[in-house]
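Grab your viewer and try each task before reading its solution.

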Amino acid sequence: MQTRNYFYLIFLLLILNSCEADDGSNPEPDNSGTYSEGFFVLNEGVFGQGNSSVSFIDPANEEVSQSIFSGVNGVDLGDTASDLGFYKDRVFMVVNVSNKIEIVEEGSFLKVATIEGNLENPRKITFLDGMAYVTNWGDASNPLDDYVAVFNAETFEFITKIAVEEGPENILAEGNRIFVAHKGGWNFNNTISVISGSDVEKIIQVGEVPNSLAAGNGYLWVSSSGLPNYAGETAGSLSKIDLSTLEVVKKFEGASASWHPANLTLENDLVHYTLGTEVYSFATGEETLPLEPEFIMEEATNLYGFKLNNGRIYAASASPDYTGDGKLFIYDVTTGSLEETYETGINPNGIFFN
Amino acid sequence: MMNKNVFYILFFVLLHSHPGYSQLDSINHLDEVVLSDVHLFRRSNSNTIQVLNDSVLEHNSPALTSILKFNSPIYFRENGPGMVASASFRGTTASQTAVIWNGININSQFTGQTDFNTILTSGYENIAIRSGGGSVLYGSGAIGGSVHLNDRFRFSNGFQNKVQIRYGSFDTYYGNLESEYSKENLSVQLNISKNGSENDFPYPESNKLNENGDYSNTGINAAVAYLFNPLNSLKFYTNYYVGDRGFSGTLTAPSKSKYEDLNSKNLLEWRRYLGNFTSTLRLAYLDEEYKYFENRNREDYSYGRSKSGIVKYELEYRLHYDKKLFALLEYRKTRGEGTNIEAIQERNTGSAGLLFSHDLYPFRYELSTRTEFSDRYDSPLLFSAGASYAVTEDYLVKLNVSRNYRIPTLNDLFWYAGGNLNLRPENSLQAEVGQEVNFSNLKLTVTGFVIDTEDLLRWVPATNGMWRPENTHQTLNYGMEATANWNKNINGHLLKINSTYSFTKAVDQKTERQLIYVPLHKATASAGYGFKRFSSYFQFLYNGEVFTSSDNRYSLDPYYIANAGVTYDLFKNHLEIGFEAQNIFNTSYQSMPSRPMPGRAYYSSLIFKF
């Protein structure tokens with residue numbers, strides 16, 4: 001070791017006479033271990049670089065704790081974290097490219113377990129009756145190997161795989177059923193699978209590329225983005241499904257092919273969705289779509305994660321070239337005014353409240 | 001511990017001892033060679049050129065990446081041994097270093113860059129590294145510099161054969177057969193290499209292995225030259241490469257994907273000397289194909305294939321003993337197809353260039369220009385102006401100013417999701433000033449450069465969320481490169497030290513932040529010592545910190561690594577055995593995030609010449 005240092009010193013003296021200043025890069029992970037008064041931001045990092053992280057934001061004190069998983073546990077979260085879910089006093093994080101689910105205690109973020117088996121390209125997670133349901137793409141290019149994996153949420157034991165159509169993405173538990181939106185993986189799909197127990201009870205057709213789900217007052221709402229322009233661009237749509245009959249009772253179609261809605265959310269009998277960085281709202285009983293946006297999230301130029309919670313919109317925006325830290329902008333949903341701004345980790349893709 | 005001390009002492013001895021002479025093949029100084037790519041040397045007297053000869057090639061790992069990273073100012077980022085490796089020359093992007101095979105630009109038509117782990121160095125007579133802009137001569141991508149793979153022919157030399165085998169850690173093997181036959185008017189050579197590895201090295205400071213990183217590849221290089229008479233020659237070169245590799249997992253992610261490369265290059269060259277004229281006609285055909293398997297256990301893959309036909313004509317006219325005029329005409333037709341490209345797409349480019357050089361020793365200058373016509377984009381008018389002045393016999397000053405470019409690739413133009421037909425070539429205005437000093441056994445060069453690049457092509461998200469290439473960024477690169485070469489032969493003890501150092505500042509002109517994957521400092525040093533049948537060498541590499549995010553908040557630590565080896569000639573230059581240790585300090589380092597590189601590894605080799 002001594003030799004090595006000596007060698008290095010000589011080398012530095014001989015050849016390099018300038019030194020790099022440590023400019024505080026690679027932000028310090030937080031390990032305070034108290035994450036109860038606030039919410040979480042999941043940062044997926046850069047694909048292939050294993051730099052996913054979780055930020056904890058305490059809005060009362062306007063404080064952010066970065067990289068709390070690695071700070072508390074001393075190991076990296078993994079590659080391309082894609083979802084975070086709460087079950088009792090535990091937090092489950094789906095790490096897509098690492099093919100695993102990390103489970104931690106909610107307040108301390110101390111690691112409890114890791115689920116590694118029976119996952120192939122896991123995407124999103126939800127919970128129902130003590131079970132965790134996780135959507136899996138299998139090989140993204142293979143339409144025949146997609147499934148929902150079921151684990152016991154208490155013991156983390158693998159229960160079963162439910163084979164589903166191509167590209168299961170968002171997943172929602174409502175009543176005694178699980179609803180899965182099939183975006184299509186690397187392909188395109190246009191269905192919602194309804195899972196009851198360990199069977200697919202029904203497949204409901206909606207618009208192309210269903211990207212978000214919300215349920216309330218007896219209805220399931222689905223936003224579908226429509227096909228992108230390289231695939232023969234089509235207008236997106238919003239579907240309203242009656243949860244008692246599992247039939248689509250109303251479909252709102254976009255007026256032009258470039259209409260691609262996302263981030264559909266329900267709150268206080270209002271449906272909210274986004275078009276790019278514009279936020280639209282309408283009452284659940286309305287017959288037509290609004291023409292004008294409520295407001296524009298001007299600061300969120302690379303909108304990557306979105307959440308409506310208690311009258312506030314949490315818009316996570318990635319850095320301009322998706323390599324550095326992103327930002328979280330918080331807007332008042334009624335006035336559209338920007339209320340707070342926080343730093344996040346790399347490519348924040350979701351905001352999670354328990 | 002033992003090893004470290006031994007090598008340290010060896011290195012220290014090399015710096016301070018004063019011994020004698022003898023000839024030793026492995027560390028010979030560069031001999032005069034006849035090059036097929038003549039204008040590289042004749043017309044580049046205002047650019048810095050560094051040549052790595054076959055003895056250096058013989059004693060390095062067979063892929064081009066490792067030889068360049070240990071012997072040149074070029075910085076490499078690689079996903080691991082044998083995995084994808086791309087170059088950054090003077091802080092430029094991976095597609096701004098041109099790779100030139102016997103005078104023909106062979107960068108990928110899909111990506112615009114060369115994966116330096118898919119080029120085997122065996123069979124080439126030498127590899128030259130030309131710093132700075134060279135688009136007038138070498139076309140698209142010669143902005144940071146160019147790397148030249150050169151064959152050469154010997155005549156009246158009979159049968160020569162060489163067999164080399166090498167085996168080492170992680171089941172890494174390499175076999176090479178080189179045969180050459182020549183008489184007074186015919187020269188034929190054949191080189192076959194096979195190279196591979198399980199590549200399942202343990203990640204240092206981790207309990208994981210590098211999984212799914214296996215690779216194997218085969219290269220065949222053949223060339224024939226026929227002299228009708230000393231003033232009229234015909235040459236044919238062919239190069240075939242087939243590679244099959246897993247894309248390795250990382251510290252945090254498993255992998256099961258696989259990639260296959262299948263590249264072939266053919267070149268026919270007819271050169272004629274007629275009075276004051278030299279005429280060279282080249283016909284080349286390049287075929288490039290890749291297949292990507294998301295899951296290597298399944299048959300499904302995506303692919304791309306491009307075929308290029310090139311006609312290149314050069315005519316040199318000696319106006320006077322000190323003045324030369326040189327004209328260049330080139331036509332290139334490229335056809336591409338693949339999973340991610342709609343239908344079969346075609347790109348046609350024609351270019352014409354004119355060069356003038358005037359040798360008024362001690363002052364020389366050269367002026368050149370090139371214009372290009374394309375059916376897909378408008379190219380800038382390129383130029384280069386250079387001069388050199390020998391202040392004394394041992395002190396040379398050089399100056400060069402040039403405009404260079406990089407054309408949009410087939411992916412940029414025709415990618416099914418986002419391909420953009422309204423692109424301009426990237427273009428750069430650059431200048432450099434160099435000095436070269438010789439003190440008996442020591443040669444020093446110091447070059448300062450500045451490169452102002454505009455219309456950089458980047459894939460950026462459009463308002464509808466789709467990524468597509470745009471001419472968006474402007475960058476400014478400046479810095480310096482220094483090389484020092486020293487060799488001495490004292491009472492049979494042959495000593496040689498080569499080193500390079502580069503300082504590179506490369507900033508985005510809008511944010512003024514350092515570009516990602518460009519270290520401020522890079523340094524290499526190699527030392528060789530030989531006595532009678534014994535020779536040894538030591539290589540050292542320092543890569544400074546690199547940012548991995550454009551907000552410069554995330555970075556990879558700087559690292560230094562070193563290799564050392566010994567060879568012993570068992571029988572009159574016919575049989576040589578060698579032993580090498582790589583990463584002798586067992587440094588734990590990463591060239592890309594989450595991708596640790598191997599710790600210490602050992603290799604042994606046998607070279608048999610007959």
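**Exercise 1.** How many residues does the largest nonpolar core have, and which have the most contacts inside it?

*Solution.* Keep in mind that you're looking at a predicted model.
- Start with the count: the largest nonpolar core has 28 residues.
- Next, pick out the residues with the most contacts inside this core: B:Leu64, B:Leu68, B:Ile74, B:Phe116 and B:Leu149.
- Now see where the core comes from. Two or more residues each are given by helix 4 (64-71), strand 4 (97-101), strand 6 (126-131), strand 7 (145-150), strand 11 (215-229) and strand 14 of chain B.
- Finally, helix 4 of chain B gives the largest share, 3 residues.

**Exercise 2.** Follow strand 13 of chain B and work out how it pairs with strand 12 and strand 14 of chain B.

*Solution.* 
- Take strand 12 (residues 232-246) of chain B to begin with: it runs antiparallel to strand 13 (residues 258-274) of chain B, and 15 bridges join the two.

**Exercise 3.** Hop over to chain A and find the order of the 4 strands in its open sheet.

*Solution.* 
- Reading across, the order is 4-5-6-7, with antiparallel pairing.
- The edges are strand 4 (81-87) and strand 7 (111-115) of chain A, each of which pairs on one side only.
- From one strand to the next, the twist averages 20°.
- Zoom in on strand 5 (residues 90-95) and strand 6 (residues 100-105) of chain A: they're linked by 6 bridges, and A:Val91 stands opposite A:Val104 in strand 6.

**Exercise 4.** Which strand of chain B supplies the largest share of the nonpolar surface patch, and is B:Phe571 buried, partly exposed or exposed?

*Solution.* 
- The patch covers about 820 Å², and its residues include B:Ile165, B:Phe534, B:Tyr568 and B:Phe571.
- Strand 29 (559-571), strand 30 (575-582) and strand 33 (601-609) of chain B supply at least two residues each.
- The largest share, 4 residues, belongs to strand 29 of chain B, where B:Phe571 is found.
- B:Phe571 has 46% relative accessibility, so it counts as partly exposed.

Key: Residues are numbered from 1 along each chain as its sequence is written. Chains are lettered from A and ligands numbered from 1 in the order in which they are written. This is a predicted model: local features need pLDDT of at least 70, side-chain atom pairs count only at pLDDT 80 or more; totals for chains, interfaces and linings use all residues. Side-chain values use heavy atoms; hydrogens and water are left out. Two strands pair if DSSP finds at least two bridges between them. Axes are lines fitted to C-alpha atoms, for helices over the stretch in contact, and angles run from 0 to 180 degrees between N-to-C directions. Patches are made of residues with over 30% relative accessible area and no salt bridge: like charges are joined within 9 Å, nonpolar side chains (Val, Leu, Ile, Met, Phe, Trp, Tyr) within 5 Å. Accessible areas come from the Shrake-Rupley method with a 1.4 Å probe; for residues, only the protein chains shown count as cover. A salt bridge is a side-chain nitrogen of Lys or Arg within 4 Å of a carboxyl oxygen of Asp or Glu. Buried means under 20% relative accessible area, exposed over 50%, partly exposed in between (1.4 Å probe, protein chains only). A nonpolar core is a set of buried Ala, Val, Leu, Ile, Met, Phe, Trp, Tyr and Cys residues joined through side-chain atoms within 4.5 Å.
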